[in-house]
Amino acid sequence: MATVRGLTPKERQRREDRRAAAAELFAERVSQAEVARRLGVSRQAVHQWHRLWQAGGRAALASTGAPGAKSYLTEDQIRAFQADLERGAITHGWETDRWTVPRIRVLIYETTGVWYASLGSLWLLLRRIGFSCQRPVHRASERDEEAIRTWRQETWPEVKAPRRASGPGSSSRTNPPPR
């Protein structure tokens, strides 16, 4: 599950819609416990929403935006930056087509004049726009699917160590298992 800081705009909107539905239920005098059940949230959250609603109405439940400091980049700059990333690192003068966070920091500086001093802040931006280090966009051109299948089905079973027979054992190096 994404952290609050890492919510997408769609997820944030879903949360705001849920709070708006709670405001409607409060206006209909539905109990807090029932609101929590219907919306699938904790009673503590509903209690907090109810206090806000009583103090300021539905507007008090509106989202205040993403938490934390505001982004250094405008939404237009982020869209342009995303397009630059998708064109690949080679088109921006790097020898390989692999983006690293330090390379991305240089790209942002060259295109917007904004320098991200913290790689952590830059990583948060990358996560926000949907990039991750686990999912490359393209597979390697050298990838040989047939060789991979052969290795998995034929070679790996031969070299894999056999499992030990089940029986009493001990994780202690000083106390061997009973015989």
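The questions and answers below go through a predicted model of a protein chain, from its helices to its side-chain pairs.

This is a predicted model in which local features need pLDDT of at least 70 and side-chain atom pairs count only at pLDDT 80 or more, while totals for chains, interfaces and linings use all residues. Residues are numbered from 1 along each chain as its sequence is written, and side-chain values use heavy atoms, with hydrogens and water left out.

Q: How many helices and strands does the protein chain have?
A: Helices (H or I, at least four residues) and strands (E, at least two) are DSSP runs, numbered from the N terminus. From that end on, the elements run α-α-α-α-α-α-α. The count is 7 helices and 0 strands.

Q: What share of the residues in the protein chain is buried?
A: Buried means under 20% relative accessible area, exposed over 50%, and partly exposed in between (1.4 Å probe, protein chains only). The chain has 179 residues. Of these, the buried ones make up 20%.

Q: Which residues have the most contacts inside the largest nonpolar core?
A: A nonpolar core is a set of buried Ala, Val, Leu, Ile, Met, Phe, Trp, Tyr and Cys residues joined through side-chain atoms within 4.5 Å. The largest one has 13 residues, and the elements giving two or more residues to this core are α4 (75-87), α5 (101-112) and α6 (119-128). The residues with the most contacts inside it are F81, I108 and L125.

Q: Which residues does F81 touch, not counting residues up to four places away in sequence?
A: Contact means heavy atoms within 4.5 Å. With sequence neighbours up to four places away left out, the list for F81 is I104, L107, I108, L125, L126 and I129.

Q: Is L61 buried or exposed?
A: L61 is found in the loop between α3 and α4. Leaving out residues up to four places away in sequence, L61 touches R19, A23, W49, L52 and W53. Its relative accessible area is 3%, so L61 is buried.

Q: Why do the rings of F26 and W53 count as a tilted pair?
A: Rings of Phe, Tyr and Trp (its six-membered ring) pair if their centres lie within 6.5 Å; planes under 30 degrees apart count as stacked, over 60 as edge-to-face and the rest as tilted. A search of the whole structure finds 4 aromatic pairs. In the pair F26 and W53, the centres are 5.4 Å apart, and the pair is tilted because the planes stand at 50°.

Q: How many residues apart in sequence are the parts that F26 and W53 tie together?
A: F26 is buried at 4% relative accessibility, whereas W53 is partly exposed at 21%. F26 lies in helix α1 (residues 9-27) and W53 in helix α3 (residues 43-56). The pair therefore ties together parts whose separation in sequence is 27 residues.

Q: What kind of aromatic pair do Y109 and W115 form?
A: Y109 is partly exposed at 45% relative accessibility, and W115 is partly exposed at 43%. Their rings are 5.6 Å apart centre to centre, with 90° between the planes. This pair is edge-to-face.

Q: How far apart are the closest N and O atoms of E24 and R58?
A: A salt bridge is a side-chain nitrogen of Lys or Arg within 4 Å of a carboxyl oxygen of Asp or Glu. E24 lies in helix α1 and R58 in the loop between α3 and α4, so the pair ties together parts that are 34 residues apart in sequence. The distance between their closest N and O atoms is 3.5 Å.

Q: Which residues are linked with E34 in a network of salt bridges?
A: E34 forms a salt bridge with R38, and their closest N and O atoms are 3.0 Å apart. Both lie in helix α2, 4 residues apart, about one turn of the helix. The residues linked with E34 in the network are R37 and R38.

Q: What is the phi of R29?
A: Most residues other than glycine have a negative phi. R29 lies in the loop between α1 and α2 (32-39) and is exposed, with a relative accessible area of 78%. Although R29 is not a glycine, its phi is positive, at about 65°.
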